[in-house]
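Me: I have a structure to read and I am new to this. Please take me through it feature by feature.

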Amino acid sequence: MIDTPQVWLLEPSAAPDDSWWQGRPIWQLAVAAPSAAFARLAAERWARDRLPYRKVGNESPSLNAGFIDQRLYHARPMAEGTETSIGDFARSPVVVLAGPMASMANA
């Protein structure tokens with residue numbers, strides 16, 4: 001049984017100068033997914049597809065944009081009556097609401 005997608009808001013939970021950012025860009029996203037966990041994973045895949053890939057050795061690409069880290073991002077259902085609705089996700093499960101904003105912490 002496949003759950004009906006819901007719109008999730010992923011927003012920063014850490015201050016821009018928090019060292020957990022490690023120089024990552026900060027985003028605010030709306031994500032269509034059946035759960036908060038799937039929304040985090042969809043956001044990670046979205047971010048990974050936009051990062052330049054630099055192969056150095058035999059490493060594999062990792063999920064490192066920070067969306068799966070609960071210290072960096074809150075994931076909560078999008079409030080009813082907001083401008084973003086499930087119909088806005090026809091092309092991509094992710095809609096950018098704000099960002100990228102620079103973190104002030106050094107990597």
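Reply: Start with burial. Buried means under 20% relative accessible area, exposed means over 50%, and partly exposed lies in between (1.4 Å probe, protein chains only). Phe38 counts as partly exposed because its relative accessibility is 48%. This is a predicted model: local features need pLDDT of at least 70, side-chain atom pairs count only at pLDDT 80 or more, and totals for chains, interfaces and linings use all residues. Residues are numbered from 1 along each chain as its sequence is written, and side-chain values use heavy atoms, with hydrogens and water left out.

Me: Where is Phe38 placed?

Reply: Helices (H or I, at least four residues) and strands (E, at least two) are DSSP runs, numbered from the N terminus. Phe38 sits in helix 1, residues 36–50.

Me: How do I read a surface patch?

Reply: Patches are made of residues with over 30% relative accessible area and no salt bridge; like charges are joined within 9 Å, nonpolar side chains (Val, Leu, Ile, Met, Phe, Trp, Tyr) within 5 Å. Accessible areas come from the Shrake-Rupley method with a 1.4 Å probe, and for residues only the protein chains shown count as cover. Here Phe38, Leu41 and Ile68 make a nonpolar patch of about 260 Å².

Me: How do I check the length of a helix?

Reply: The expected span is 1.5 Å times one less than the number of residues. Helix 1 has 15 residues and reaches 21 Å from its first C-alpha to its last, close to the 21 Å expected.

Me: Which residues of helix 1 are buried?

Reply: An α-helix has 3.6 residues a turn, so residues three or four places apart point the same way. In helix 1, the buried ones are Ala39, Arg40, Ala42, Ala43, Glu44, Trp46 and Ala47. Glu44 counts as buried because its relative accessibility is 1%. Their cover includes strand 1, strand 2, strand 3 and strand 4 (94–101); contact means heavy atoms within 4.5 Å.

Me: How far apart are Glu44 and Ile68 in space?

Reply: They are 7.1 Å apart, C-alpha to C-alpha, and 24 residues apart in sequence.

Me: What is a nonpolar core?

Reply: It is a set of buried Ala, Val, Leu, Ile, Met, Phe, Trp, Tyr and Cys residues joined through side-chain atoms within 4.5 Å. The largest one has 19 residues, of which Leu10, Leu29, Val31, Phe67 and Tyr73 touch the most other members. Strand 1 (6–12), strand 2 (26–33) and helix 1 each supply at least two residues of this core. Apart from it lies another core, of 6 residues, including Leu9 and Met78.

Me: How many salt bridges are there?

Reply: A salt bridge is a side-chain nitrogen of Lys or Arg within 4 Å of a carboxyl oxygen of Asp or Glu. This structure holds 2. One joins the side chains of Arg76 and Glu11 (2.9 Å, N to O). Arg76 lies in strand 3 (residues 73–77) and Glu11 in strand 1, so the pair ties together parts 65 residues apart in sequence.

Me: What does Asp69 pair with?

Reply: Asp69 forms a salt bridge with Arg71, the closest N and O atoms being 3.1 Å apart. Asp69 is in the loop between helix 1 and strand 3. Asp69 counts as buried, at 16% relative accessibility, while Arg71 is partly exposed, at 46%.

Me: What about phi angles?

Reply: Most residues other than glycine have a negative phi. Gln22 has a positive phi of about 50 degrees although it is not a glycine. Gln22 lies in the loop between strand 1 and strand 2.
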